[in-house]
Amino acid sequence: MESPVKTKLVVNRRTAEEPRALSFGQERLWYLDQLSPGNAVYNTPLLVRLSGALQVTALHKGLECVMQRHEVLRTAFLASGGRPVAVVPKKRSPEFRQADLRQLPASVRDKESLRLIDEEAARPFNLARDPLFRALLVRTGEHEYMLLCVIHHIVFEGGSVEILFRDLAAFYNAEVAGKLPVLPELEIDYFDFVAWQRRSLTDERLASLNAYWKRQLGGAPMVDLPLDFARPAVHTMRGAKHYFRFSPELFASAEKFFGESGSTSYRCLCAAFIVMLHCYTGLNDISVGTPCTPRCRGIENLIGFFVNTVTLRVRTENDMSFRRLIRKVDLALFGAISNSDLPLYMVADAVQPPRDPSRTPLFQINFRAPQTPYPRLELDGVEASGVEVLDNGTAKFDLALEVGGFVNGATYFEYCSDLFKQETIVKMAGDFQAILAQLIADPDAAFSGLPAVRAVSKRLEMQAAVSR
């Protein structure tokens with residue numbers, strides 16, 4: 001998610017009196033883990049296929065050096081009096097496992113390699129005991145490998161991939177060449193950021209943030225999508241991903257529209273998603289969650305969990321054009337980012353929405369449209385594929401849409417499989433593309449009158465009537 005807010009504060013080192021504390025986001029994940037231990041929903045699996053003369057010893061050492069460089073990766077999260085405590089040992093190594101499948105027949109080898117990858121991606125972490133950064137290297141040919149890195153979200157996020165790959169490549173390439181790695185010096189660490197984050201929430205700032213979010217989100221309706229199955233009493237986080245691609249024609253016309261609209265792909269795609277949700281729910285008041293990066297400088301070279309999720313509430317009107325809706329999204333985005341200092345659980349405490357263990361508070365639908373692609377891992381003498389986004393059988397929300405196609409990334413719906421059938425999500429992906437195509441073809445018309453919008457709304461109304 002891009003940030004329209006330009007003012008950024010500088011993070012400095014914490015004082016000697018300030019101990020290592022968990023960030024607000026880390027605290028939330030720790031408590032969620034205590035409620036549901038052994039869950040892989042916050043695993044971040046990154047799969048890269050490697051081809052060439054890989055030096056496995058240098059790779060292993062590079063992974064160890066990355067963990068040593070970034071203390072947050074070495075952190076253990078212990079319990080003391082029912083509260084989490086961050087403990088950072090001076091030295092800790094990532095778990096590094098290898099599997100050599102070269103002797104297996106090709107048909108068996110492919111199936112076994114995928115089984116190992118899927119099993120590792122879904123293996124949960126123990127936050128107190130396990131290294132929260134691990135790797136599996138599967139050798140499938142003389143010069144062919146699959147490298148899977150799995151990191152827990154409590155110490156890592158999507159924005160850290162670039163730093164992980166840059167640092168790993170620097171350590172690996174230096175080891176192979178017999179040289180010292182060249183990397184920028186880390187002037188602060190992750191827990192300096194945490195101290196800054198906590199200091200910045202003064203009583204005055206907290207009052208301002210609480211007032212904003214109460215005003216912005218008070219009375220927002222639940223965005224209830226039509227479900228295939230009865231909602232379980234407790235949100236299970238069982239899920240799946242459905243990947244899809246835009247047609248070449250839609251891709252080209254969308255890119256042209258983004259360039260001519262004076263907006264960004266994120267805002268245009270979010271507005272189109274709002275229209276689709278309007279079709280599915282009949283609501284003109286839609287709230288979705290979206291990730292937001294902190295407004296500070298100094299963390300550019302750090303791995304860690306920095307992102308906060310904010311709630312975008314967008315009100316529509318039946319005669320509203322797509323251009324006007326994009327502007328509405330822009331205003332909601334600006335307000336949310338300007339007030340993104342307040343962690344999501346504190347926003348929920350301020351707004352006091354109805355609490356229901358079967359769903360997340362404030363929003364149940366998430367939207368993401370990365371503005372830059374994941375980088376490639378550049379190891380000397382080795383060709384690396386792009387990062388593959390894996391399905392580890394979990395879903396944090398009822399529904400999430402990630403549109404990465406415009407930055408050479410994956411586009412997919414992640415959905416709770418206890419709520420939706422796969423065929424429903426496949427149809428939803430088709431609906432989104434059909435609606436997007438007509439919105440960008442006629443952006444000044446009332447979106448409610450567009451044939452694709454009317455067709456989707458009518459189909460869902462008929463389905464609801466039959467189910468009653």
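User: Which residue just after H8 takes a positive phi?

Analyst: Glycine 282 does, with a phi of about 80°. This is a predicted model, in which local features need pLDDT of at least 70, side-chain atom pairs count only at pLDDT 80 or more, and totals for chains, interfaces and linings use all residues. Residues are numbered from 1 along each chain as its sequence is written, and side-chain values use heavy atoms, with hydrogens and water left out.

User: Is helix H8 largely enclosed or open, and how is burial defined?

Analyst: Buried means under 20% relative accessible area, exposed over 50%, and partly exposed in between (1.4 Å probe, protein chains only). Helices (H or I, at least four residues) and strands (E, at least two) are DSSP runs, numbered from the N terminus. In H8, 16 of the 17 residues are buried, so the helix is largely enclosed by the rest of the structure.

User: At what angle do H8 and H12 pack?

Analyst: Axes are lines fitted to C-alpha atoms, for helices over the stretch in contact, and angles run from 0 to 180 degrees between N-to-C directions. H8 and H12 (residues 451–467) pack at about 30°, their axes 8 Å apart. Angles under 35 degrees count as roughly parallel, over 145 as roughly antiparallel, 65 to 115 as roughly perpendicular and the rest as oblique; H8 and H12 are therefore roughly parallel.

User: Which strands do bridges join to S7?

Analyst: Two strands pair if DSSP finds at least two bridges between them. Nine bridges join S2 (residues 43–52) to S7, running antiparallel, and eight join S6 (residues 133–141) to S7, also antiparallel.
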